[in-house]
Amino acid sequence: MVQLKSKSEVEQMRKAGAIVGQILHELKDLAKPGASTSDLDLYAFTRTKELGAKPAFKGYNGFPATLCVSLNEEVVHGIPSKKRILKDGDIVSCDFGVILNGWYGDSAKTYPVGKVAADTMKLVETTEKSLQLGIEECKPGHHLFDIGAAIQNYVEQFGYSVVREFVGHGIGRSLHEDPQVPNFGIKGKGIILKPGMVLAIEPMINAGKPEVKVLADGWTAITVDKAWSAHFEHTVAITETGNEILTKF
Ligand code: MG
Ligand code: MG
């Protein structure tokens, strides 16, 4: 069942989302050649505490870290490590959530590390743009799958593909609530969007084929064909007139 949030509940989620947006923005400056993925995680953990929130992912189904850090062909749920060092030309996807006063915020960004190849930058920019197009469909009266249709139609024209195994989700007092929000689908299908729905929209876009597999660590999802992947996410509230991005910096 999709839980509608009151204005005061959305206000709580706005506070959680602001912390997520702030810290993800700050991580951009740490995503430099020579940094380890653990450095990014430690920074996110420390800043989360400083800002009075709790990490949302640490301990979630046993996930061991504050931040999911996924490099290049890794799609999502990468586990930070002191041994994983960012190199010039990499892309690093940081997925991050917090809990503040019982309310969740969830967002993700893919950062270029140093100077990346033009075709890689195109993948990153296209994925970010697809999130924006998905968010533009978040209006009362629109259908849920209008979001995924906008994302899929946009990215596939560049020869990219949409990951099917991982989808967006409702969010509120839990990290993952109904409904699931696929990043693919047919316009006009799915439930009708209403004010008070809060959705985490999170396209994961592959430069190659859509298939992914999970590594032996039980978490890290990579593309089967080893083509690179990008991931952007925002927590978005449906309002009377349209939407509000709650995790914006
Ligand atoms: Mg996320
Ligand atoms: Mg999410």
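I began with the term donor: donors are N, O and S atoms within 2.8 Å of the metal (3.2 Å for Na, K and Ca), and since water is not among the atoms, sites may look incomplete. The model is predicted, so I kept in mind that local features need pLDDT of at least 70, that side-chain atom pairs count only at pLDDT 80 or more, and that totals for chains, interfaces and linings use all residues. Residues are numbered from 1 along each chain as its sequence is written, chains are lettered from A and ligands numbered from 1 in the order in which they are written, and side-chain values use heavy atoms, with hydrogens and water left out.

Asp95 sits in strand S4 (residues 91-100) and Glu233 in the loop between strand S13 (229-231) and strand S14 (234-238), so I noted a link between parts of the chain 138 residues apart. For strands and helices I used DSSP runs numbered from the N terminus: helices are H or I with at least four residues, strands E with at least two.

I then checked accessibility, where buried means under 20% relative accessible area, exposed over 50% and partly exposed in between (1.4 Å probe, protein chains only). Asp95 is buried at 7%, and Glu233 is buried at 0%.

**Magnesium ion (ligand 2)**

For this ion I listed Asp106 (OD), His169 (NE2), Glu202 (OE) and Glu233 (OE) as protein donors, 2.1 to 2.2 Å away. Their spacing reads D-x62-H-x32-E-x30-E. Glu202 lies in the loop between strand S9 (198-201) and strand S10 (204-206), and Glu233 in the loop between S13 and S14, so this pair ties together parts 31 residues apart in sequence. Glu202 is buried too, at 6%.

I also recorded that the two magnesium ions are 3.1 Å apart and that Asp106 coordinates both.

**Largest pocket**

A pocket is an open set of points on a 1 Å grid over the protein atoms alone, with protein on both sides within 12 Å along at least five of seven lines; lining residues have an atom within 4 Å of a point. I read a volume of about 450 Å³ for the largest one, a volume being the space filled by probe spheres set on the points, which are joined across faces, edges and corners. It has 23 lining residues, and those closest to its centre are Tyr60, His77, His169, His176 and Glu202. I noted that S8 gives the largest share of this lining, 3 residues.

Key
On a 1 Å grid over the protein atoms alone, a cavity is a set of points where a 1.4 Å probe fits but cannot get out, and a pocket is an open set with protein on both sides within 12 Å along at least five of seven lines; lining residues have an atom within 4 Å of a point.
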